[in-house]
Amino acid sequence: MFRVTMLAGLLGIVLTCDADAQQFRVFTEVTQPSTDPASNDGRPDVIARSLTLFHAGKVFDWLPPPIGEVTVFEPAHRRFKIFNGRKLVATTVTFDEIERLLVTARDETHNYARQLEVRDEPGSKSIIEPLRFQLDPKFTEQFDPTSRRLALRSPRFAYSVDCAIPAVPEASDAYLSYADWASRLNYVLHPRSLFPAPRLKLNESLRARGLVPVNVELRVRFDKPLQWNAGHRFSWKLEDGDRQHIHHWETVLRSDSLEWMTFREYQRVILRASSQVKR
């Protein structure tokens with residue numbers, strides 16, 4: 001029931017930092033414990049990799065093939081542009097639309113939890129509790145300033161985070177502003193993902209300390225135990241190849257090669273393609 005789609009952002013509204021703070025890159029690798037330790041020397045399984053580039057007030061997030069998706073965060077216009085290079089389809093989704101979809105999802109989840117509570121069937125509590133926690137997460141928080149290790153814990157959901165001080169102080173807010181909206185987008189784009197509220201709580205804790213996450217371990221105990229690790233490698237300047245990527249993506253977005261569609265249409269196309277790959 002609680003299968004999670006993990007995107008690079010495991011992982012803000014308007015970026016107000018200066019130009020230098022907007023010029024950096026983050027390479028992310030998301031892993032989980034190996035399902036077959038004997039075959040790969042116990043190394044974790046890689047779930048996803050992404051490259052996130054902060055440039056001139058925008059954020060470009062690239063999931064390389066076989067996914068081949070680029071998400072462009074445009075806070076000045078309060079929107080995301082998303083395109084899939086393999087399917088040559090694209091969409092625009094505004095912050096307001098994301099918020100409306102989240103409100104609808106929260107209302108539906110509240111109603112579902114109430115229905116389960118009224119029925120009082122065997123096992124319903126094990127479903128109700130995780131649902132309500134995701135909507136209104138409450139953690140106990142610990143932070144070690146020497147090791148810069150942050151922990152947010154609850155009985156069923158826990159973060160352990162290795163943190164760093166960014167080379168440019170404003171970069172923390174820039175990164176976390178993007179991570180907030182990426183978490184919201186991930187939920188409305190990919191059904192059965194975790195609600196964004198737990199990650200937003202983590203981002204609040206990081207923002208209050210002016211830190212960025214370099215390693216995030218998430219442990220979930222819902223219908224079955226799950227564990228993920230997101231390693232973030234920050235570099236405080238863009239490389240020539242990064243600028244070439246950005247130029248290429250912006251060229252594609254301006255070209256006639258893409259079929260533009262509504263957000264829901266785009267979602268159906270991508271989910272259909274994902275299900276075909278899994279078969």
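**View 1. The hairpin of β7 and β8 has four residues between its strands.** Arg 148 sits in the turn and has a positive phi of about 55 degrees. This is a predicted model, where local features need pLDDT of at least 70, side-chain atom pairs count only at pLDDT 80 or more, and totals for chains, interfaces and linings use all residues. Residues are numbered from 1 along each chain as its sequence is written, and side-chain values use heavy atoms, with hydrogens and water left out. Strands (E, at least two residues) and helices (H or I, at least four) are DSSP runs, numbered from the N terminus. β7 and strand β8 (residues 149-153) run antiparallel and are joined by five bridges. Two strands pair if DSSP finds at least two bridges between them. Asp 144 has Arg 149 in β8 as its bridge partner.

**View 2. An open sheet is built from 12 strands.** The order is β7-β8-β9-β10-β11-β1-β2-β3-β4-β5-β6-β12, and the pairing is mixed. Which strands stand at the edges? They are β7 (140-144) and β12 (259-260). Each has a single partner strand, so one side of each is left without a neighbour in the sheet.

**View 3. β11 pairs with β10 and also with β1.** β10 and β11 are antiparallel, with seven bridges. They form a hairpin with three residues between them. Here Glu 217 has Asn 229 in β11 as its bridge partner. β1 and β11 also pair in the antiparallel sense, over seven bridges. Phe 27 stands opposite Arg 233 in β11.

**View 4. Strands β4 and β5 pair, and helix α3 lies across them.** β4 covers residues 69-74 and β5 covers residues 79-84. Their pairing is antiparallel, over six bridges. Val 70 has Phe 83 in β5 as its bridge partner. α3 runs at about 65 degrees to β5. Axes are lines fitted to C-alpha atoms, for helices over the stretch in contact, and angles run from 0 to 180 degrees between N-to-C directions. α3 also lies across other strands, including β1 (24-32), β2 (45-55) and β3 (58-63).

**View 5. Phe 54 and Tyr 178 form an aromatic pair.** A search of the whole structure finds 21 aromatic pairs. In this one the ring centres are 6.0 Å apart and the planes are at 85 degrees, so the pair is edge-to-face. Rings of Phe, Tyr and Trp (its six-membered ring) pair if their centres lie within 6.5 Å; planes over 60 degrees apart count as edge-to-face, under 30 as stacked and the rest as tilted. Phe 54 is in strand β2 and Tyr 178 is in helix α3, 124 residues apart.

View 6. α1 covers residues 95-119 and α3 covers residues 170-189. Their axes come within 10 Å and cross at roughly 60 degrees. Angles under 35 degrees count as roughly parallel, over 145 as roughly antiparallel, 65 to 115 as roughly perpendicular and the rest as oblique. The contact (heavy atoms within 4.5 Å) includes Phe 95 and Ile 98 of α1 and Trp 181 and Leu 185 of α3.

**View 7. Helices α1 and α2 are roughly antiparallel to each other.** α2 covers residues 125-135. The two helices pack at an angle of about 155 degrees, with their axes 10 Å apart. Among the contact residues are His 110 and Tyr 112 of α1, and Ile 127 and Leu 131 of α2.
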